[in-house]
Amino acid sequence: MGGADAEAAQAFLAWLASTRRRWLVVLDAVPDPSLVHELWPRGATGQVVVTSERNDVLPRTGGRVVAVDRLSSSQAEAYVEARLPGTPPADVARLADDLGRLPLALAVAVADLRDTGGGAGEYAERLAERRQELALPDDAGADVAATVLAVTTLAVDDADARHPQGLAQLVLILVSVLGPTFPLAVLATAAVGEGVESLVRPRSWRRWITPGHGITPAELREALAHLCRVGLASLADDSVDGATLARVHPLVQEVVRAQLDAATLDTALRTAAEALAEAWPRDGGPGATAEPVFRTCASTVAALDVRGALWDPEGHPVLWEVGASLSRAGLPHEAVVHWERLVEDATRTLGAEHLDTLTARNNLALAHREDGRLDRAVPLLVGTLEDAERVLGAAHPATLTSRNNLAMAYRDAGLVERALEMLQRNLSASRRRLGADHPDTLTSRSNLALAYRDAGLLDEALPLLVRGLDDAERVLGPDHPATLAACRDLGLTHWLDRRADRALPLLERALADRERVLGPDHPDTLTSRNDLAPAYRDVRRPDRTLPLLEDTLATAERALGPDHPVTLTSRGNLALAYRDARRPDLALPLLERMLADAERTHGYQHADTLACRGVLALAYQDAGRLDRAIPLLESTHADRQRALGPDHPDALTSANYLALAYRDAERYGDAVRLLERTLADRQRVLGTDHPDTLATRGDLALVHHDAGRLDHAIALLEGTLEDRQRVLGPGHPDTLTSRSNLAVAYREAERTEEAVVLLERTFVDRQRMLGPDHADTVASRVVLVDAYREVGRWDDALAVLERALRDDERLLGPADPQTSGSRVTLVDAYREAGRDEAADALEAGEPVDVARRRGARPRRRSA
């Protein structure tokens with residue numbers, strides 16, 4: 001064991017040793033104790049069950065040995081008598097003894113006899129003859145494989161005697177190279193209909209003439225039904241979705257394969273591979289949840305291909321489909337293992353410079369990237385790109401793909417400038433080589449836009465995404481998956497730009513189209529539902545946010561399983577929504593489970609684990625549990641520095657979050673020191689004008705403010721506002737936040753008139769940019785009203801509060817708690833302003849416009 005396998009095994013063993021959860025590990029059919037000596041699971045909360053034909057596989061620490069023998073004579077005879085009533089006792093005993101009391105052999109023999117109506121005595125004679133014909137030992141079943149072979153050939157003879165004659169044997173040969181459980185859909189493929197005619201029957205088996213006409217799927221299913229009747233196969237009781245499954249015992253498969261010559265085995269492997277590729281479920285359609293069965297069958301076919309039948313003249317498509325399926329299923333580590341083997345096989349059979357080998361290396365790097373191992377992905381992508389440029393040329397489509405993948409890995413690693421340069425170069429090369437409307441060119445433009453977006457350069461990203469959506473609709477059609485993704489990407493970018501008015505229609509359209517095209521349970525559809533919920537939250541639609549996320553998580557757990565990435569994302573989004581709704585009692589258990597799942601699935605140092613730990617820490621912080629939050633943030637920061645390097649953007653973000661937790665704990669000295677260091681690092685790594693650098697400077701100002709150093713805070717806030725207006729623009733959400741924070745500081749410094757001017761401008765801009773219902777607009781309204789009250793501008797304060805109540809009644813309804821709160825606030829303001837009649841009318845349920853007309857002008861208050 002090496003590579004990803006060994007690393008995963010050690011991570012799994014470490015988790016078993018440390019977890020407080022109960023666990024059970026089964027090591028099945030261990031042939032040699034040395035194979036498990038270094039991999040024996042240990043832990044206080046678990047148990048290990050191992051099965052083996054040897055009795056020396058237990059570790060020196062001991063364990064209990066339970067002997068599992070063949071059936072006893074009485075058990076075997078009782079089994080036969082129960083299923084073949086009326087059989088003479090002597091024949092029952094002879095049959096049981098001749099088959100060595102082996103459960104599998106007895107099951108096949110009894111099923112065969114029940115189907116044909118033969119007697120046990122006659123069967124024993126046929127068994128003896130068959131052993132002679134096949135030169136098998138007559139040893140009362142001591143040789144397990146020989147006994148299973150004998151009963152298998154007798155059963156397949158009886159199955160072949162039924163119409164369509166001779167076909168059951170060929171079906172058994174074909175399914176012997178699949179997994180023990182296989183989808184019946186493969187028998188309905190054109191590949192099987194054509195391929196079984198080329199199979200050569202074992203010389204020692206009964207010879208049948210292969211039907212001269214084209215074999216139909218109905219005949220193949222009928223032949224399988226005959227195999228089921230004689231005990232060589234069975235239909236699965238837990239068939240998945242619309243893909244009905246069947247089973248053949250692994251030992252039956254093994255003895256059948258052992259009878260095949262090399263050419264027939266290779267033909268069976270190629271036929272099985274073609275059938276799997278043809279029948280593979282696509283895009284969440286019927287049978288999509290049976291993909292694990294398809295993957296197992298394809299992996300079995302690949303493992304049996306010792307002569308390279310699937311690599312002549314190039315790698316068979318089903319080998320690539322397995323890797324893509326693992327990625328779709330959210331199994332990046334399993335994808336790494338698959339692509340490592342494929343790279344090895346491609347290099348051995350095709351050579352290191354073959355296109356398939358380079359493609360397999362590229363896919364291995366992508367799997368490493370999905371698994372959070374950029375330290376492995378980037379060097380592999382660099383080497384693959386160099387080889388592709390040398391062997392294929394700089395403008396070959398495979399080279400363009402390699403360059404694109406390397407650029408996206410650089411983006412993930414925080415090397416934004418390098419990523420943007422490569423993506424710009426790739427887009428130009430793709431236009432020249434493939435044309436502006438080629439799908440790969442559209443992908444290159446989309447990737448460049450997303451890199452701009454991740455770098456905070458939304459003004460550069462949005463025009464590219466708008467054009468990308470238009471081109472995808474025109475070139476690919478409105479229902480193409482890439483078009484649906486382009487619509488979603490544009491909506492998310494508008495949301496990041498705080499333009500909910502533009503984001504919501506696009507995100508709602510993307511969800512509706514994906515539900516219609518892909519189905520409600522498809523991972524992309526569930527992802528769109530996750531995208532939409534935060535946008536609803538920002539426009540104060542809690543009536544939609546929480547139900548949408550709760551239903552999304554339930555659907556993801558049912559359709560995809562508890563550990564699928566989309567399920568984990570759904571769980572995290574729901575937890576964050578609970579946190580925003582001030583429900584830590586619901587948020588924290590979900591986030592704690594997320595962290596435990598990430599540690600179990602990825603290990604303690606994986607990027608996803610560190611992200612989960614950071615989110616949980618922030619939730620503890622929001623709940624006021626700083627004693628839990630700060631240690632988690634400290635460990636996350638230290639681990640990210642160690643794993644990613646101190647200059648990685650994620651490590652700098654961790655430092656910023658930790659400093660803000662120190663601020664909440666009133667550890668202002670620690671907060672200032674950490675933020676000053678983070679600010680210097682971000683200036684050096686990202687540049688003085690990068691949005692993250694400006695954010696850190698703003699956070700440093702807030703710490704000075706909370707520590708009572710208003711002069712320091714105001715100077716920093718003024719500089720940050722000036723730079724944000726210059727870099728991001730006066731209407732950017734971050735600029736508006738800086739203006740609001742500076743206004744608050746001015747108020748505390750008794751510069752109230754200056755504060756009011758800033759707050760009025762911020763409120764107007766947020767209404768214009770974000771809409772009246774956005775959470776930031778609502779927050780600006782509250783602060784502005786307080787400032788108006790402070791300077792005695794009651795008419796202005798009441799006008800804002802009246803507008804707020806009207807908006808709440810329109811948006812949320814009169815009975816919503818938020819609306820009730822706005823009504824109480826306005827009543828209090830009326831009374832404070834001396835408009836008691838208006839307050840009374842509002843309390844009596846009058847509409848706000850009626851109550852306003854009833855109110856008198858504010859009367860003077862005594863000092």
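The side chains of Asp454 and Arg453 meet in a salt bridge, with 4.0 Å from N to O. A salt bridge here is a side-chain nitrogen of Lys or Arg within 4 Å of a carboxyl oxygen of Asp or Glu. Side chains of opposite charge can pair when their charged atoms come close. Asp454 is partly exposed, with a relative accessible area of 45%, whereas Arg453 is buried at 16%. Buried means under 20% relative accessible area, exposed means over 50%, and partly exposed lies in between (1.4 Å probe, protein chains only). Both residues also belong to a network of salt bridges that links Arg369, Arg411, Asp412, Arg453 and Asp454.

The model is predicted: local features need pLDDT of at least 70, side-chain atom pairs count only at pLDDT 80 or more, and totals for chains, interfaces and linings use all residues. Residues are numbered from 1 along each chain as its sequence is written, and side-chain values use heavy atoms, with hydrogens and water left out.

Now the chain as a whole. The chain contains 39 helices and five strands. Helices (H or I, at least four residues) and strands (E, at least two) are DSSP runs, numbered from the N terminus. The C-alpha atoms fill a box of roughly 120 × 65 × 60 Å, taken along the principal axes. Of the 863 residues in the chain, 49% are buried. The accessible surface comes to about 38900 Å², and 51% of this surface belongs to carbon and sulfur atoms. Accessible areas come from the Shrake-Rupley method with a 1.4 Å probe; for residues, only the protein chains shown count as cover.

Contacts also describe the fold; a contact means heavy atoms within 4.5 Å. Among contacts between residues at least 6 apart in sequence, 59% join residues at least 24 apart. Thr735 gives a local example. Thr735 sits in helix H33, residues 733-748, and is buried, with a relative accessible area of 0%. Leaving aside neighbours within four places in sequence, Thr735 is in contact with Leu721, Arg724, Gln725, Leu728, Gly729 and Pro730.

A search of the whole structure finds 67 salt bridges. In one of them, the side chains of Arg126 and Asp158 meet at 3.5 Å, N to O. Arg126 lies in helix H5 (residues 120-133) and Asp158 in helix H6 (residues 144-160), so this pair ties together parts that are 32 residues apart in sequence. Arg126 counts as partly exposed at 24% relative accessibility, while Asp158 is buried at 15%.

Helix H5 also holds a pair within itself. Glu133 forms a salt bridge with Arg130, the closest N and O atoms being 2.9 Å apart. These two residues are three residues apart in helix H5, about one turn of the helix. Glu133 is exposed, with a relative accessible area of 53%, and Arg130 is buried, with 13%.

Charges can also be followed over the chain and its surface. Lys and Arg count as positive and Asp and Glu as negative; His and the chain ends are not counted. The place of a charge is taken as NZ of Lys, CZ of Arg, CG of Asp or CD of Glu. The mean positions of the 103 positive and 133 negative charges are 4 Å apart. On the surface, Glu194, Glu197, Glu274 and Glu278 gather in a patch of negative charge. Patches are made of residues with over 30% relative accessible area and no salt bridge; like charges are joined within 9 Å, and nonpolar side chains (Val, Leu, Ile, Met, Phe, Trp, Tyr) within 5 Å. Glu274 counts as partly exposed, at 41% relative accessibility.
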